[in-house]
Amino acid sequence: MAAESRAPPLHGGPKMAGGAEPGPELERVVEALELLLRRRQQPAGPGERDGEAGPGPEGALRPETLRSNSAALEERLRRAPGWAALRGLRDAVLARAPGLAAGAAGEAEPGWAAACGLLALLLCLKERLTALAAAPAAPGAGPGAAPPPSADTLSVGQGRAVGRALRAAVGLGLVPYLPPGVGQRPGPPAPPPAPPAGRGARLHAATAALAELTEHPALGGPLLARHLGLLLAGLCLLGHGPATHSEGVSEAERARCREALRQILDRVYQPLAVRELLVLQGRPKQSPPSPGEETKPALVRAPAWLRRLCGQLLSERLMRPNGVQAVVRGIMEGTGGGTGAEAAAVDWRKCDTVAKILASCPQQCLSLEDYYTLVCPQILDLLHIQDKLTARQFQRVATTTLLTMAKEHPQLAEKHLLQPMLAPLLRCSETAELAVEDLSAGTVLVTEAELSSCVEDVLKVYVVGNDSSSLLLGSLQSVLGVVFSLYSFAKQNVSYLRSPCQEILLWFLEKSEREVSLAVLEGFAGLNSSVHTLHPRCRFCVGSEGGATIAVEEAISDEDEALYQKVSSEQCHVENLVELLSHCQKSGLAGDFFIRCLKALTQVAAEDEAALNSAAVPGGSLLELEQYHAEQRRKLLVLQLVATLCESVSDTVFTDVAQVEEFVAATLQRACVSPARGPGAAAEVQTLTMAMGLVAAMLGGAVQLQSSDFAVLKRLVPLLEELSRTYPEPLTQELAADLRIAICTHGAFSPGTVGAAADGVLGKKLGTGTQSPAGIPGGAPSPRGGRTPPRHGRSSPSAPRERSEEQSMCHEAGDTGPAPAPCADSPAPAGLRELLVSAYDPQPPSRAAALRHLSSLITQRDPEALRLQEKLLQVFLENVQHEDAFVYLSAIQGVALLSSEYPERILPVLLARYRGPAQGTEDTAAAIARMKLGEVLMRVTQALGDMVFKYREPLVQAFLRGARDPDSALRASSLSNLGELCQRLGFQLGSIVQEVTSCLTAVAKTDPKAEVRRAAVHVVVLLLRGLSEKAAEVLRDVLRDLYRLLKHVVVAEPDGATVLHAQLALEELDTVMRRVLFPPQALEKKIVVLP
């Protein structure tokens, strides 16, 4: 928008010709510029728009055109009305710039004269804009209207005219006087340089005028945006160039040029300044051209003095606040967003170039330490750029720079880069010097933002950077324990930190040496101190944005609770460690760690054997007692770790014959050190038989063994020989001797026992899932012509039998343990017999389909199926123990349907099995089976409805007995079932409410397991919800006891979930009592008919 038509006079400026004559209007000055740059006649070139041509002289500005334009302007200034003010202002400006005045008056060189005239008019425009800005502001617009522009605002047309004038002034007054290699730009060829005579003075006059124009934003903005490089070239040449290029320029004028250069560089957008200085500096001598630039004309190389000067100025830009980001933006801006291999290569080259620049200490810096102190925090800040368009490049530059610094100066890089980056994790490590004991409970040591940023930075630098130098691995190992604790916390909660922590841990385990990785894994499990774990007084808390915080934990005064928390934490760490190992099976790390744990187990067995023989008792001193307890704790951790690994690792844990040999060697050595005896003898014998059968299977052709493999297997010969002499079981001795012979003869002589052992492994598939993927097949041919699928250590007792066995054996419904399918000569029809046989199919989908078909027959009250109810019950109960959820849930549904049809016959059998574990089963398996039976009883209860009152006493007794079981999971399950039963009984609870209340009170106050206490309080919640308004009547004798129990839980319970259940129960109780004490008033009318 144009400025006001009448502007106030210049205050404090030079007097105009004619006295106090008002200053010219902006339109007049712009009109003079357009007159001097009258448009050329020929059309514009392709791709060129008005106002966008380069700074060089244009074809339209020929000498004749320039002379005629200058003459027309002078004629108008002298005679046209309204131009006197502009003439006076121009005369005043030229009086202050004698170089421009002399050039404007000369007619021999029309180009230089036109440049001086343009610069004079532009200076007049600057003076006029400054005066208008200092004038009083115009009155504001009315309410709701847009505010008027300032008085010194240029319209769009005026801005275009000013841009053309600046371009012409630079092209005519600056470019011709720059020597080759100084400020040269790609594009059309530059004009021939002016003659040496007076070149320095003319260059100084034009440069000084342009530098003065940069002081006003309306003129300095377009000038610095389009012509900053040329202006910097002129200032550098005048202030720092050779004296031959500055003839006619005094030393004071050169000093002013140096000062103007500093001011302009400090004032402009720093990435733009960096980019222009790099262009001035030019390409290095040996640098190859970038892709796509081979066909461009070669530029003259910048002189040495200019390259040194630009290097110094770039170093100064780098040493400024936020200088690192300015340098990175100046080099990298405009390079992102490309696609294809060529663009990616250019991007990577620029990132490497920037990294080398940042990693090199400039000469201006006094010491390398000071440079790293200044630059390293800015490099770390590059990792936190949020702009999606530039974040990837900035992070790549930061990572490459950090890795380069770590290689060149590892000590300084660790001090100024790695330690500050890892500071949030080091702050809460067990080796931290922070006096955590002096902090109050709940103090936040690491905020959620700090922790999330730290983990993301570690992921970007270590994992994405992927440099496995000893410095990086060592620095990461110092915080690896805290990262693993955070990973365990994230696995238990919903947090986005789980995935980055897992990637960091896996990267370290993969890149480190195998021994270091194994030691770190042992440190995660608590077997050694190779990693520094979380400080014992610190704990992770859930963050508000999906992350985590680290706060000081309140000291637990109760020793039992502290022990419970410690054991739970160790169990969680072991489970998460095994989960982490499941991702390391291809590299062989999981197999090596499993073998190391087995060797540690052998050492534990040897120590126990020695302690048993010597009957050693721990010493009386406190130190000896602590050492004894630490050793016992380590043994328990080893046992727990081996047990969890055996349950969780897959059959691909071993990747080669060498690992299988180490596993078998560890098993044989344990058998030699501690022969099987006592209550665990059966399991030891089975493990030993499986290990020896695995060797027999490999020798029998399951694996294509090479001569190098036999060299590995020969390591087992001494152990087999010792086992054949010392083991108490004769069959094992014979098998060990035969295996030794087969290995020594490379399988040429293989006794029958070796083949039988191989058939036992391949055919029956007894074992622990330690099957080598190197060639052992997934199953051996079965008598039916198919392949028997492998079974693992957690296979169900109801294993499939062969059809021949199924047709020759029958079991009663009350028998325990695995049982075959019904006899073929039973009176059942052929279709039903086929379903019963399919209920023992090895494939879980077929088995589950058969069970669901049998359930549908019960629902349809099929007479043949109901006639075989005892056999159906046997089939369902055996499949309840299957490990596949689809199978045992189908079996549970069938038992529930059968029980709802014949509760008098079925329910006693279920209760008898639920009251005690089955004979011949381990405690864990028995507890799992009983929990599944509890689910069956719950479904039966739901199916019976109100008829459940008839079986109230045996059901309540069974669940109360289960609440006292040693297994915590079974106790919690029994209490949950009890709550469901009480909710269904309602008014029919009767006298058993006293027993239920006593049980709940005892469990909620004394049970060591939080989940059991939680279940007990949840029973109260279900009881109150089920009874609703009837609670005050049914529970009138125990309502006070329940209230006191809930208040006690709210006050004294450490588990948050249990407290939440108690608060919910109190709210239910409060609602019930309010309804009883304050019943809702119903407004009603009564009509009474009098007699």
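Predicted model: local features only at pLDDT ≥ 70, side-chain atom pairs only at ≥ 80, totals over all residues.
Residues are numbered from 1 along each chain as its sequence is written, and local features need pLDDT of at least 70, while side-chain atom pairs count only at pLDDT 80 or more. Side-chain values rest on heavy atoms, without hydrogens and water.

In H9, the residues Arg 254, Cys 257, Ala 260, Leu 261, Ile 264 and Leu 265 are buried (under 20% relative accessible area, with a 1.4 Å probe and protein chains only). Seen down the axis, the buried residues of H9 fall within an arc of 130°, so they line one face of the helix. An α-helix has 3.6 residues a turn, so residues three or four places apart point the same way. The face of H9 turned away from the buried side carries Glu 251 and Arg 256, which are exposed (over 50%).

Aromatic rings pair if their centres lie within 6.5 Å, and the count comes to 6 aromatic pairs. The rings of Tyr 462 and Trp 507 have centres 6.1 Å apart and planes at 70°, so this pair is edge-to-face (over 60 degrees). Both Tyr 462 and Trp 507 are buried.

Finally, in the hairpin of E2 and E3, Gly 546 takes a positive phi near 90°; strands are DSSP runs (E) of at least two residues.

Terms used. Phe/Tyr/Trp six-rings, centres within 6.5 Å; stacked < 30°, edge-to-face > 60°. Pairing = 2+ DSSP bridges. Helix = DSSP H or I, 4+ residues; strand = E, 2+ residues; numbered from the N terminus. Arc of directions from axis to C-beta.
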